[in-house]
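Please read them alongside the sequence and the coordinates.

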Amino acid sequence: MVSSKLLESVQFLPGIGPLRAKLLAKLGVYRAVDLLFFFPRSYEEVPPLESSDAFSDNTRVSFIGTVQELDERVTQSGKHMLGCLVIADGGSAVRLVWFNQPFRKSDLRSGLRLVATGVLRSTGLHWEMTQPQITVIDGDESPAPQKPLPVYSLTEGLKQSATRNMMRLSVPALAGLVEEVLPEAVRERLDVPPVDIALRDIHLPHCLDDALRAQRRFKTQELLVLQLAIAMQRSQREQSAKSPRCEPTGKIHARILSRLRFTLTGDQQNAIADIGRDMAAEVPMNRLLQGDVGSGKTVVAQYAMLLCVAHGFQAALMAPTEVLARQHADTLERSLASSRVRVALLIGSMPRRQRQEIIDQLAAGEIDLVVGTQALLAEDVEFRSLGLVIVDEQHKFGVMQRAQLRTEFSQPHYLVLSATPIPRTIAMTVFGDLDVSTIRQKPPGRSAVHTYVASPPSLDSWWKFVDDQLKLGRQAYVIAPRVSAADGSEIASAEGIHQQLSGGPFSRRHVGLLHGRLTSEEKEAVLGDFARGDVEVLVATTVVEVGIDVPNATVMTILDANLLGLSQLHQLRGRISRGSHPGFVCAIASAGCDGTDNKRLQAFEKSDDGFELAEMDLQMRGPGDLLGTSQSGLPALRIANLVEDASLLELARDVAGEILEDDPSLSHPVLQKLLKQTRTRYGKAMQLSDVG
Ligand code: ADP
Ligand code: MG
């Protein structure tokens, strides 16, 4: 039972009242329990005691001294001012000054010893310290160790000192009323203090170590609850849903491989083995296949689809754009031309009659493989026997928006392809219910890509270099962040650059234009021309980011590159590492942005490893900003941080695994509170059922 005291309004706690209660409400603090769990953002460490010989101007110090005399007056602006002259140990005079704190006078008298902490300023005559923190020392006693000060998020009208004071007055009495959720054995395994001690130490720490241990307690608890929820969701899914068994027998396996145009890399083989194992079982596959751009995820997806079709079930492949969907459909049709596998494309821009025909055939089971866009999710699209859903470049859709394809019978197996490598901590949380296969090796015969970061003045000589590549028979991409020029903006537009290049540096070349505002036919026409080599320079917005495959294109210019994210830049670069010729990419920083000073562009220039770049992106941008987390539909973490707390996350995952292995439904009485917390926090977001 939660103590009713914890549920009372903060208004009635000492030192709060209706006015401050209103301010606290702005911070999400309504009840006493909210105040307890309103944790400091950080701690201000109190500097070690200093003798006055070592004082210097404008530094924060703590020192011991003896009160000499007091004075008080009202300033011109009407403030009360209290002065207190102190002789510091070491001999220097320091005047302490407080504004509007007349009550301090009663604590101070001549001869008193105290510790003062604050920023020193020299007036020429003596040192001065405004609004210092002070602690009075009794007699000859040596001062107590300096305590770190919690730093809270504030709102206008609420001061740091007032917030600290509220905590001082309330936390000791309230902390003991909070019920412990973590059983002792779990606390020991996590190496964290009990909840009452942790609550006291997080607000009123005696030393920084105590504060950090307390933080660790709440971080690991938060992560443990998340990991338990993920594991429960997973076992729930595995128990309830049934998928068709599609075993990769020796014969089927050999037949599929014989259709592929090349020998698979070791990583591709491993991924295929993972998928084969998953699909042979009745438990639905739920797998993420991640690999850098150009690492060869498509054949792996193709293997999965053919495995499904070999067992008489339908497979659907969903791509984020029509361009990509068409490209996948073409690839599949080409490699399956001599087989009995029936492939179809379903996209939004199709004529209605044609669309209806395909829908009818899907429902009748006359199509084996369908490739499409989100058009596949339409209400009237039904399958006769859907066995597998593959989503390419999933992050474009939002992570949790799983493809809800309609099928009469059991649940399809599910495979997600991602070219944005997912940092470990994100894989363990946002994607926590997915198994992961990773392709790190590049297919053989790939040449390196050379990356340069430059500024606009270098463009003239760069265009000459690009032209030299064109003379060698290669093709080039030029990427601009926007479609058309906006008033007053200097940001490069595809339309503007297209005009500029075809009128200037590439006036004798065939320059094409591709962006999201073209119709589907126009896009296809340009892409076709580029693929055939008729267009030599393709000016495009970032639409080419996702999966266009033209091996002869080896040069890329990215304008205003500093406006793009690190993984986006890397995705773009992937477009020119597809062939056997060396690739060249030049990232041009906006005028006024120093590329050599831009962390992202520097990382882009230095590393060609998507996994490394994804980790760096996470470090630089923080997890909140990362694609996926904000769209994940999961409640935000309150205290743990996926960048800083990676090791706690792993610990939490291990411990969650151990708990569930012992007690899969968390039925043991000591686990009831933990179970309840998990349900309260994630039950809705993760659709956890009530039975454990
Ligand atoms: P992505 O992982 O970006 O989707 P793709 O599947 O499009 O990469 O593969 C990139 C290119 O590499 C394609 O042209 C594909 O035909 C080729 N490829 C894939 N696997 C191999 C392999 N094992 N050997 C040779 N080429 C391969
Ligand atoms: Mg791809």
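Leaving aside neighbours within four places in sequence, which residues is Gln 290 in contact with?

1. Contact is taken as heavy atoms within 4.5 Å, and on that basis Gln 290 meets Lys 297, Ser 418, Pro 421, Ile 422, Val 436, Ser 437, Thr 438, Ile 439 and Phe 611, once neighbours within four places in sequence are set aside.

2. This is a predicted model, in which local features need pLDDT of at least 70 and side-chain atom pairs count only at pLDDT 80 or more, whereas totals for chains, interfaces and linings use all residues. Residues are numbered from 1 along each chain as its sequence is written, and side-chain values use heavy atoms, with hydrogens and water left out.

3. Gln 290 belongs to strand S9 (residues 286-291), strands being DSSP runs of E with at least two residues, and helices runs of H or I with at least four, numbered from the N terminus. Its relative accessible area is 6%, so Gln 290 is buried (under 20% relative accessible area, with a 1.4 Å probe and protein chains only). The side chains of Gln 290 and Thr 438 are joined by a polar contact of 3.2 Å (a pair of N or O atoms within 3.5 Å, one able to donate a hydrogen and the other to accept it; residues adjacent in sequence count only if both atoms are side-chain atoms).

Conventions. Chains are lettered from A and ligands numbered from 1 in the order in which they are written. Buried means under 20% relative accessible area, exposed over 50%, partly exposed in between (1.4 Å probe, protein chains only).
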